[in-house]
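Thanks for making time this morning. I would like to walk you slowly through one structure, so please have the sequence and the model open as we go.

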Amino acid sequence: MDKRVYLLTIVSFVVGMVELIIGGIIDLVANDLGISVSQAGLLITIFSLTFAISAPILSVATANIERKRLTLITLLIFFIGNLVAVISPNFFVLFIARIIAAASSSLLIVLCVVMAANIVEPKYRGRAIGIVNMGVSGSLVLGIPIGLTIGNAFGWRAPFLFICVLTLFSIIGISTLMGRVPPSKPLSLKKQLSTLKYRKILFAHITTFLLLAGHTTFYAYLKPFAQTTMGLDGTWISIIYFLFGIAAVSGGALGGTVSDRFGTKPAIYSVIIIFSVAIFIIPYTTFLLPLFFVNMVIWGMMSWAITPPMQSYLMNVTPETANIQVSLNNSALHLGVAVGSTIGGIAIDVSTVEITPTVGGMLAILSLGTIALSMRAGSLQKERY
């Protein structure tokens, strides 16, 4: 397989990492800019919301531009967005910087997947796309611990400077190692969204949205939760996030294995049920750190084990629009992150940070209902008539 796929995986990791990096430094940002923790959480919300909305729109708008050239231009915009974050004097400027970074990163991840599929032989296409997506999933779960470690050592601006440096290396790598990749025939935004009229597909995407919203309701505020309930310092917080990251990445592989062995439907139901139980009992495990760690690993694995069986389920339901469904499911995931971080902030303002796992668990239970509605709906042929 073409080794440049791994370069695209690195690029996808770099641009994906910036989404949740705020989570590890959320208290540092709040203290320095004189805002509340829940207001700082909006920096995650606006990023994820912009990402979800701009991905399909920018993909269509830039469909006729040669891929390598577009990637370099978008990487430069991404670099500028993060540089603005480094020098931002107040919350408003940082907020705008997050919008710039989100829009450019959403297009970059699409470009990485498209280029990976085009530079390999057809027999390696699925594997290449899977490898690039590993970079994306890895960045989402490791962004917080990386930001936390660098932020605690050098201040909250340092993680964004770190991303700027990595972006420059990505620009050099793409410009020197990647050849020209012609644009492919675009799918209209209308065609992408038209499949959502079918209940079987719509409720599947809503399931992903709700489960990730429930997850982020707690995960975006895991640091203040651990500090408040267990009095842990920076070192222990770093350990928590790195353990979670390892669990989440391995959870993706576990979800795919279970799906292949037992089928997509049993896998999806099992993941949601185990996730719900794990997140609900988190507040009751804080009295004993080893017990908290064990439960956190289970929760972490289940939080990202949902994607492989869910996307396989969608591809089985409508193979003719498989690529569209994967794209829309990723948008649903990012919308879930955006809404979840907002709900978590509201929960903290209304009550305390200790309630966030319970609220997240309630959203997870709702996702169990929506996947049941999806699976009970008739085939797409029946829905058409």
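Predicted model: local features only at pLDDT ≥ 70, side-chain atom pairs only at ≥ 80, totals over all residues.

**A pocket, a core and a loop**

Let me begin with the second largest pocket, which holds about 230 Å³ of space. A pocket here, on a 1 Å grid over the protein atoms alone, is an open set of points where a 1.4 Å probe fits, with protein on both sides within 12 Å along at least five of seven lines, and a lining residue has an atom within 4 Å of a point. The lining of this second largest pocket is made of 14 residues, and those nearest its centre are Leu193, Leu196, Leu328, Ser331 and Leu335. Two or more lining residues come from each of α3 (37-61), α8 (189-194), α9 (199-219) and α15 (322-350), where helices are DSSP runs of H or I with at least four residues, numbered from the N terminus.

Residues are numbered from 1 along each chain as its sequence is written, and side-chain values use heavy atoms, with hydrogens and water left out.

Leu8, if we set aside residues up to four places away in sequence, touches Cys112, Met115, Ala116, Ile119, Val132, Ile174 and Met178, a contact being heavy atoms within 4.5 Å.

Helix α5 itself has 29 residues and reaches 41 Å from its first C-alpha to its last, close to the expected 42 Å, the expected span being 1.5 Å times one less than the number of residues. At its N-terminal end α5 is capped by Asn90, with a side-chain oxygen 3.2 Å from the backbone nitrogen of Phe92.

Let me turn to the loop between α12 (264-280) and α13 (289-305), where Ile281 sits. Ile281 counts as partly exposed because its relative accessibility is 35%, given that buried means under 20% relative accessible area, exposed over 50% and partly exposed in between, with a 1.4 Å probe and protein chains only. Thr286 is placed in the loop between α12 and α13 as well, but Thr286 is buried, since its relative accessible area is 18%. A polar atom of the Thr286 side chain lies 3.3 Å from the backbone oxygen of Pro283.

What does Thr286 touch, not counting residues up to four places away in sequence? The answer is Phe225, Thr229, Met230 and Phe292.

Finally, helix α13 holds Asn295, which is buried because its relative accessibility is 7%. The Asn295 side chain reaches the backbone oxygen of Ala278 at 2.8 Å, and, leaving aside neighbours within four places in sequence, Asn295 is in contact with Ala278, Ile281, Ile282 and Thr285. Ser303 is also in helix α13 and counts as buried, because its relative accessibility is 1%. The side chain of Ser303 reaches the backbone oxygen of Gly300 at 2.6 Å.

Terms used: Polar contact = N/O pair within 3.5 Å; in protein donor to acceptor, adjacent residues only side chain to side chain. Points joined across faces, edges and corners; volume = space filled by probe spheres on them.
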